[in-house]
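This briefing is meant to be read alongside the sequence and the coordinates.

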Amino acid sequence: EYSFLFFFFIISSLTGDYLSSQILNKLLSSKVAIFLGISLVFAIILLTLIKKRGGTNKFFVSLNEAIKLSKARKNIFLFALVITFVNLLATFYGDKLLFKSIGYNIPYPFVIFSSSFASLASFLSPLPGGIGIRELANGYFYKVYYNIGEIAIIIILIRRIINYLSLMILFLFEKMLSPTFINYKKILH
């Protein structure tokens, strides 16, 4: 997923010219760059602590096993890549529709640019799902380019709520359709 996010970030930034020298200089000299630098230092310290406890060795063994399994089942791996590609494009389009629903017609390449960067930056977050960093990164880009940073943060929160609600609904459907929930003997008689 992160390789596709990086691919989308590069393509959208080149096609939309979103990383002009003026914006890039502003980004690198801002508080966001300082925050990302501190997050990177925190991530390095965290990895060092995990390494001292022997956790990284387990990580690399698991990673090696995953690579071997992926090589053995290339068809499933390619299918998963296609699903990831389509899912990311649909997610970005959903973000565009959320902005459009409240009256902001944001270009699709910019939505891809901002969302992919926020997802890549959220990898540095110590919290699950990139909570905090994703909102800051998206809010920053929308503030710089469209002066709607607060709206972007609200859109991310709305999307998180939609994601969590849909996961809860899927979980409930699975539980309702499980054999332990349904008494098949009563249905068949």
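The accessible surface of the chain comes to about 13,300 Å², and 72% of that surface belongs to carbon and sulfur atoms. The model is a predicted one, and every value below was computed from it. Of the 189 residues in the chain, 27% count as buried.

**Overall fold**

- The chain contains nine helices and zero strands, and its elements, read from the N terminus on, run α-α-α-α-α-α-α-α-α.
- When contacts between residues at least 6 apart in sequence are considered, 64% of them join residues at least 24 apart.

**The cavity**

- There is one cavity of 30 Å³ or more in the structure, and the space in this largest cavity is about 50 Å³.
- Its lining is made up of Asp95, Phe99, Ser115, Asn138, Tyr142, Ala152, Ile155, Ile156 and Arg159, and the elements that give two or more residues to this lining are helix 5 (74-101), helix 7 (133-146) and helix 8 (149-177).
- Helix 8 gives the most to the lining of the largest cavity, with four residues.
- By class, the lining of the largest cavity divides into five nonpolar, two polar and two charged residues.

- Asparagine 138 belongs to helix 7, and it counts as buried because its relative accessibility of 7% falls under the 20% limit.
- Leaving aside residues up to four places away in sequence, asparagine 138 touches Ser114, Ser115, Ala118, Ala152 and Ile156; among these, Ser115, Ala152 and Ile156 also line the largest cavity.

**The largest pocket**

- The largest pocket has a volume of about 410 Å³, and of the 18 residues that line it, Glu1, Ser119, Arg134, Arg159 and Asn163 are the closest to its centre.
- Helix 1 (2-16), helix 5, helix 6, helix 7 and helix 8 are the elements that give two or more residues to the lining of the largest pocket.
- This pocket lining has six nonpolar, eight polar and four charged residues.
- Arg159 lines the largest cavity and is also one of the residues closest to the centre of the largest pocket.

**Aromatic rings**

- The structure holds 17 aromatic pairs, one of which joins phenylalanine 7 and phenylalanine 8 in a tilted arrangement, with 5.9 Å from centre to centre and 50 degrees between the planes.
- Within that pair, phenylalanine 7 is partly exposed, with a relative accessible area of 43%, whereas phenylalanine 8, at 6% relative accessibility, counts as buried.
- The rings of phenylalanine 110 and tyrosine 146 have centres 5.0 Å apart and planes at 75 degrees, and because that angle is over 60 degrees the pair is edge-to-face.
- Phenylalanine 110 lies in helix 6 (residues 108-121) and tyrosine 146 in helix 7, so this pair ties together parts that are 36 residues apart in sequence.
- Phenylalanine 110 counts as buried at 0% relative accessibility, while tyrosine 146 is partly exposed, with a relative accessible area of 31%.

How values were computed. Residues are numbered from 1 along each chain as its sequence is written. This is a predicted model: local features need pLDDT of at least 70, side-chain atom pairs count only at pLDDT 80 or more; totals for chains, interfaces and linings use all residues. Side-chain values use heavy atoms; hydrogens and water are left out. On a 1 Å grid over the protein atoms alone, a cavity is a set of points where a 1.4 Å probe fits but cannot get out, and a pocket is an open set with protein on both sides within 12 Å along at least five of seven lines; lining residues have an atom within 4 Å of a point. Grid points are joined across faces, edges and corners, and a volume is the space filled by probe spheres set on the points. Ala, Val, Leu, Ile, Met, Phe, Trp, Tyr, Cys and Pro count as nonpolar, Asp, Glu, Lys and Arg as charged, and the others, Gly among them, as polar. Rings of Phe, Tyr and Trp (its six-membered ring) pair if their centres lie within 6.5 Å; planes under 30 degrees apart count as stacked, over 60 as edge-to-face and the rest as tilted. Buried means under 20% relative accessible area, exposed over 50%, partly exposed in between (1.4 Å probe, protein chains only). Contact means heavy atoms within 4.5 Å. Accessible areas come from the Shrake-Rupley method with a 1.4 Å probe; for residues, only the protein chains shown count as cover.
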